[in-house]
Amino acid sequence: MPEIILKYQAEIWQSIGETFVMVGISIIAALLIGLPIGTLLYLCRKGQLLENRALYSSLNVFVNIVRSFPFLLLVVFLIPFTRFIVGTAIGTMAATIPLSIMAIAYYSRLVEQALLEVPRGIIESAVSMGASVPEIIFKFLFLEARSGLILGLTTSTISFISYSTVMGIVGGGGVGDFAIRYGYQRFETELMIYMIIIMIFLVQTIQFTGTTIAKKLDKR
Amino acid sequence: MISLHNVSKSYQQHQSILQAVHLVSLNIDKGEIHGVIGASGAGKSTLLRLMNVLETPDEGTVMVNNQTLTTLSNRKLREARRSIGMIFQHFNLVANKTVFDNVAVPLELASYSKKAKVERVKECLEFVGLRDKAHQYPAQLSGGQKQRVAIARALANRPAVLLCDEPTSALDPQTTAGILDVLQTVNKELGVTIVIVSHEMDVVKSICDKVTVMESGEILKTVSIEPQAYVIPKNDPKWFLQQLTEKERNSNA
Ligand SMILES: Nc1ncnc2c1ncn2[C@@H]1O[C@H](COP(=O)(O)OP(=O)(O)O)[C@@H](O)[C@H]1O
Ligand SMILES: [Mg+2]
């Protein structure tokens, strides 16, 4: 183990922990809120089961606005909201709020796209069998789109890791912030390189796991 | 069994309105195999989809099995659809479910117990001759086998009516003959009323008791016929070759 890593062992572990908290909570937000929003986006489209132009437009505008914000500005813009939810705008927990908002918008769009890949005929046969909308969602749509949903979540997670690296500006910490503060600002180039290697390893592992699961679940 | 009264359905297409089905009335008796034939775009599929209100008619009433589907609440309509099976040209099986699980779906929707479900699925797969494929996925099956699974799925809830939209149009003649055989057995042994939409005259002629001919959204005429066996065109390479070279010789002459 290189000396420099041993020297900063405690800080490195802490930063990895912070990254996991920020990304973990973003993933939970993506699943709990992004997945339903993405499903609604799909269902409210023209010609779909719950066709609803007003709802579709509102959700669509929300997703587009969040996604078109430069991320750092979104963080700043959301400070009052973050303070309202978490009680403070500084720290790892505070950093999870803008990350989660971005995660919701990001993943819901990928969910919508994954569901659009399900052949219309499948939905039609579900309706002809007398399935209700919730039954169609859970027994047909999600099942048939599951590989796409998992690949979307993989892509999203990797983006969340990338977004989380700038959370240092609100004291969010994390691997990226650690690499910048110690590696770059204190001229510990070697340390910075090791931190980058850790990030690459993390991303590769997530991508590999996601792709493998998606492939395994795809029977088409 | 099925009765349409002055049913119309139009679609908004770009700037204009397209009358897909116009003031159609039609009665189909219990136990009948009823064909619907017509050119592409004549409104056959729309007419079929009106029978289980997959398309809501602009006007007119649809009665199936003594229930007026057009006045039912959503919930009641969903229940009514459970006794109306439907199969499609492209099978529409759930690709991520095994054959067994595909056939089990309608039973799950009807809240069968696990034991009753397993038994019924096996029965249905036995009926279409695919019991040994239960644990395969649709992608591993041929077109004919997929359509058999779709038939098993449509029969699982013991429907009174089976609606078929171009059930053999994606299949070769040999496989078509097999599927028509299954449909005939469904009709004769289980007493299921069948409506079969097709643009293939041979198909309609071979199993239907009555045939409705459609033209631009209207019924031209409904005729009674005597079904005659489906003739399978030859499928032997020598015969193919003979046909091809004969043509060539003729054109060379
Ligand atoms: N969902 C739809 N939206 C717009 N037009 C449709 C729709 N479904 C069918 N049509 C039109 O209605 C007409 C009849 O279609 P269809 O019933 O599918 O004919 P067929 O099955 O006889 O080929 C066609 O001109 C078709 O383009
Ligand atoms: Mg058609």
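Start with both chains: there are 2 salt bridges between chain A and chain B, a salt bridge being a side-chain nitrogen of Lys or Arg within 4 Å of a carboxyl oxygen of Asp or Glu. This is a predicted model, in which local features need pLDDT of at least 70 and side-chain atom pairs count only at pLDDT 80 or more, while totals for chains, interfaces and linings use all residues; side-chain values use heavy atoms, with hydrogens and water left out. Residues are numbered from 1 along each chain as its sequence is written, and chains are lettered from A and ligands numbered from 1 in the order in which they are written.

**Stop 1: between the chains**

Select Lys139(A) and Glu108(B): their side chains form a salt bridge, with N to O at 3.4 Å.

Next, select helix H7 (120-128) and helix H8 (133-144) of chain A, the elements that give two or more residues to the side of chain A that touches chain B. Helices (H or I, at least four residues) and strands (E, at least two) are DSSP runs, numbered from the N terminus. H7(A) gives the most to this side, with 6 residues. Colour the side by class and you get 7 nonpolar, 5 polar and 8 charged residues. Here Ala, Val, Leu, Ile, Met, Phe, Trp, Tyr, Cys and Pro count as nonpolar, Asp, Glu, Lys and Arg as charged, and the others, Gly among them, as polar.

Now show both sides: 20 residues of chain A are in contact (heavy atoms within 4.5 Å) with 22 residues of chain B. The buried area is about 1900 Å², with 60% from carbon and sulfur atoms; this is the accessible area (1.4 Å probe) that two parts lose on being put together, summed over both. Pick out Ser128(A), Met129(A) and Lys219(A), which supply 31% of the area that chain A buries against chain B, more than any other three residues.

**Stop 2: ligand 1**

Zoom in on the oxygen atoms of ligand 1. A polar side-chain atom of Ser45(B) is 2.7 Å from one, a backbone N or O atom of Gly43(B) is 3.0 Å from one, and a backbone N or O atom of Ala42(B) is 3.2 Å from one.

Methods
A polar contact is a pair of N or O atoms within 3.5 Å; within protein, one must be able to donate a hydrogen and the other to accept it, and residues adjacent in sequence count only if both atoms are side-chain atoms.
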